[in-house]
Amino acid sequence: IFVFAEPLRGWRRVHALPQRTMLDWAAQVKQLLTVDYPDAETVVLVMDNLNTHAIASLYEAFAPDEAFSLAQRLEIHHTPKHGSWLNIAEIELSALSRQCLDRRISDLDTLNTELTAWQHAINTEQRKVRWQFTTDDARVKLRHLYPKS
């Protein structure tokens, strides 16, 4: 399941595919840039370190000029390893699991129908994410990532 979220706007897009290859990720990013945010100069992506989540995936999927054009509009930040709790999409997946996927769903079409219904309901109410993890919290919890000064 691919999850894109804009936490301050209260917007999500979710879509399930049979697998999550480089080409699948690239197609989802292209949709994000051309359909969801066609007028955005830059889109910031915060995501985990899955090997398919890389600019190289765009070059695998598209002609070099198209891949370059898409890549130029991305600002990518990867969460630290073992830091999925920092990734809002992972938090949304957890909510999605509790609110929508709490039963067996037998096929991909039914799953995507359920995901679309959940996405519509959540986007209609524009439920925002209130991030409460502060820089001070980070300096304690992630002290190994911060230089000593």
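Student: Which side chain does Arg-13 make a polar contact with at 2.7 Å?
Tutor: The side chain of Gln-28. Bear in mind that this is a predicted model.

Student: What about the 2.5 Å polar contact of the Arg-13 side chain?
Tutor: That one goes to the side chain of Asp-36.

Student: Where does Arg-13 sit in the chain, in which strand?
Tutor: In strand β2.

Student: Is Arg-13 buried or exposed, and why?
Tutor: Buried, because its relative accessibility is 7% and the cut-off for buried is under 20%.

Student: Which residues does Arg-13 touch, leaving out those up to four places away in sequence?
Tutor: Phe-2, Val-3, Phe-4, Gln-28, Gln-31, Leu-32, Asp-36 and Gln-119. Gln-119 is also one of the buried residues of α5.

Student: OK, strands. How do β1 and β2 run, and how many bridges join them?
Tutor: They run antiparallel, and 5 bridges join β2 to β1, which covers residues 2–6.

Student: Which residue in β2 does Phe-2 stand opposite?
Tutor: His-15.

Student: And the turn? Which residue in the β1 and β2 hairpin takes a positive phi?
Tutor: Gly-10, with phi near 75 degrees. The hairpin has 4 residues between its strands.

Student: Switching to rings. How many aromatic pairs turn up in the whole structure?
Tutor: The search finds 1. Trp-11 and Tyr-37 form it, edge-to-face. The centres are 5.5 Å apart, with 80 degrees between the planes.

Student: Which parts of the chain does the pair link?
Tutor: Distant ones, with the two residues 26 apart. Trp-11 is in strand β2, residues 11–15. Tyr-37 is in the loop between α1 (22–36) and β3 (43–47).

Student: Are Trp-11 and Tyr-37 buried or exposed?
Tutor: Trp-11 is buried, and Tyr-37 is buried too.

Student: Now α5. How many residues, and how far does the helix reach?
Tutor: Helix α5 has 18 residues, 108–125. From first C-alpha to last, α5 reaches 26 Å, close to the 26 Å expected at 1.5 Å a residue.

Student: Which residues of α5 are buried?
Tutor: Leu-111, Asn-112, Leu-115, Trp-118, Gln-119, Ile-122 and Asn-123. Seen down the axis of α5, these buried residues fall within an arc of 125 degrees, so they line one face of the helix.

Student: What covers the buried residues of α5?
Tutor: The cover includes β2 and α4, residues 88–99.

Student: Which exposed residues are on the face of α5 turned away from the buried side?
Tutor: Asp-109, Thr-113, His-120, Thr-124 and Glu-125.

Student: What caps the N-terminal end of α5?
Tutor: Asp-107 does. One of its side-chain oxygens lies 3.2 Å from the backbone nitrogen of Asp-109.

Student: And what follows α5?
Tutor: Gln-126, which has a positive phi near 50 degrees.

Student: Zooming out. How many helices and strands are in the chain?
Tutor: The chain has 6 helices and 4 strands. From the N terminus, the order is β-β-α-β-α-α-β-α-α-α.

Student: What does the C-alpha trace span along its principal axes?
Tutor: About 55 × 40 × 25 Å.

Student: What share of the chain do buried residues make up?
Tutor: They are 34% of the 149 residues.

Student: Last one. Of the contacts between residues at least 6 apart in sequence, what share join residues at least 24 apart?
Tutor: The share is 66%.

Technical notes: Residues are numbered from 1 along each chain as its sequence is written. This is a predicted model: local features need pLDDT of at least 70, side-chain atom pairs count only at pLDDT 80 or more; totals for chains, interfaces and linings use all residues. Side-chain values use heavy atoms; hydrogens and water are left out. Rings of Phe, Tyr and Trp (its six-membered ring) pair if their centres lie within 6.5 Å; planes under 30 degrees apart count as stacked, over 60 as edge-to-face and the rest as tilted. Buried means under 20% relative accessible area, exposed over 50%, partly exposed in between (1.4 Å probe, protein chains only). The expected span of a helix is 1.5 Å times one less than its number of residues. The arc is that of the directions from the helix axis to the C-beta atoms. Contact means heavy atoms within 4.5 Å. A polar contact is a pair of N or O atoms within 3.5 Å; within protein, one must be able to donate a hydrogen and the other to accept it, and residues adjacent in sequence count only if both atoms are side-chain atoms. Two strands pair if DSSP finds at least two bridges between them.
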